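Please look over the sequence and the 3D structure shown here before reading on. The paragraphs after it are meant for a reader who is meeting this structure for the first time.

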Amino acid sequence: MVIKVFLASSSGSTAIKKKQQDVLGFLEALKVDYAPLDIACNEDNRMWMRENVPVEKKPTNGIPLPPQIFNEESYCGDYETFFDAKEDNAVYAFLGLPPPPGSKEAKEAYLLENGPVENGTIVNGTDDAEDEENLEAEEENIDDDTLKREVPMEECNGDEHTEEVEAEVGGETGEEAAEEKVAEEKEAVEDTEESLENTKAPVKEEEAQEEAEDEEAKGEDDQPVSEEEEELRQLEEEEAPEVRGGRRRSDRGSRGRRG
């Protein structure tokens, strides 16, 4: 049986060209043998198409438009019915062809004709091989659950168990690890205190130096005046008026001479 597709190779309608390409492309994808018949260049093809399209399938003006699909002499439908069959996975039924074995359409057709069976090839839309795979998967899940239930409680505490093993391998017990940790903390505190003392030392030295300078200055101010210094001071005070008097007399004499 040959599928005939009537189309117009020189159609000026973009919509018609797209519909024709969709039909031919899908048939090629399914590897269905078909024969394209051009109605634009062959009058016989056009007349045959118009005469064999059922009256109820023709449009209001009575002139069917391409693409029109036939199986030999039997009318299959136009683009709209072809598209609906493609959406429903029923293209082979639309074309009047038996679906290839193992295809989804073949399984659905078998179920529609015979219904699901218990010991047949197809049960609820799946074959025996698929049922066996499902049973094996369920058995594996059951085995996994059984293994999980048999795990001892001490192994469920993963982190604690791992730490104990690592301590034993390293030759250290829990107490030794704790003592080592305390020693490290103590050493860190001592290092911190030492660094603080080193920081304070220069400050203390500066303060001690300032205090020594202040004490020295204060000692100089409080030191008692010796007798010699006291006599010199008195002499300076007594000589000061005489010096001022002599200067006055000298000034008066010089003025008299001038006069």
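What follows goes through the sheet, then the helices, then the cysteines.

This is a predicted model, in which local features need pLDDT of at least 70 and side-chain atom pairs count only at pLDDT 80 or more, while totals for chains, interfaces and linings use all residues. Residues are numbered from 1 along each chain as its sequence is written, and side-chain values use heavy atoms, with hydrogens and water left out.

Four strands, in the order β2-β1-β3-β4, form an open sheet with mixed pairing; helices (H or I, at least four residues) and strands (E, at least two) are DSSP runs numbered from the N terminus, and two strands pair if DSSP finds at least two bridges between them. At the edges stand β2 (34–38) and β4 (74–78), each with a single partner strand, so one side of each has no neighbour in the sheet. Strand β1 (residues 3–7) pairs with strand β3 (residues 68–71) in the antiparallel sense over four bridges, and Phe6 stands opposite Gln68 in β3.

Helix α1 (residues 14–29) packs on this sheet, touching β1, β2 and β3, where contact means heavy atoms within 4.5 Å. The direction of α1 makes about 160 degrees with that of β1, with axes fitted to C-alpha atoms, for helices over the stretch in contact, and angles running from 0 to 180 degrees between N-to-C directions. Helix α3 (residues 79–87) also packs on the sheet, touching β3 and β4, and its direction makes about 85 degrees with that of β4.

Turning to the cysteines, Cys41 is exposed, with a relative accessible area of 67%, whereas Cys76 is buried at 16%; buried means under 20% relative accessible area, exposed over 50%, and partly exposed in between (1.4 Å probe, protein chains only). A search of the whole structure finds zero disulfides, a disulfide being a pair of cysteine sulfur atoms within 2.5 Å.
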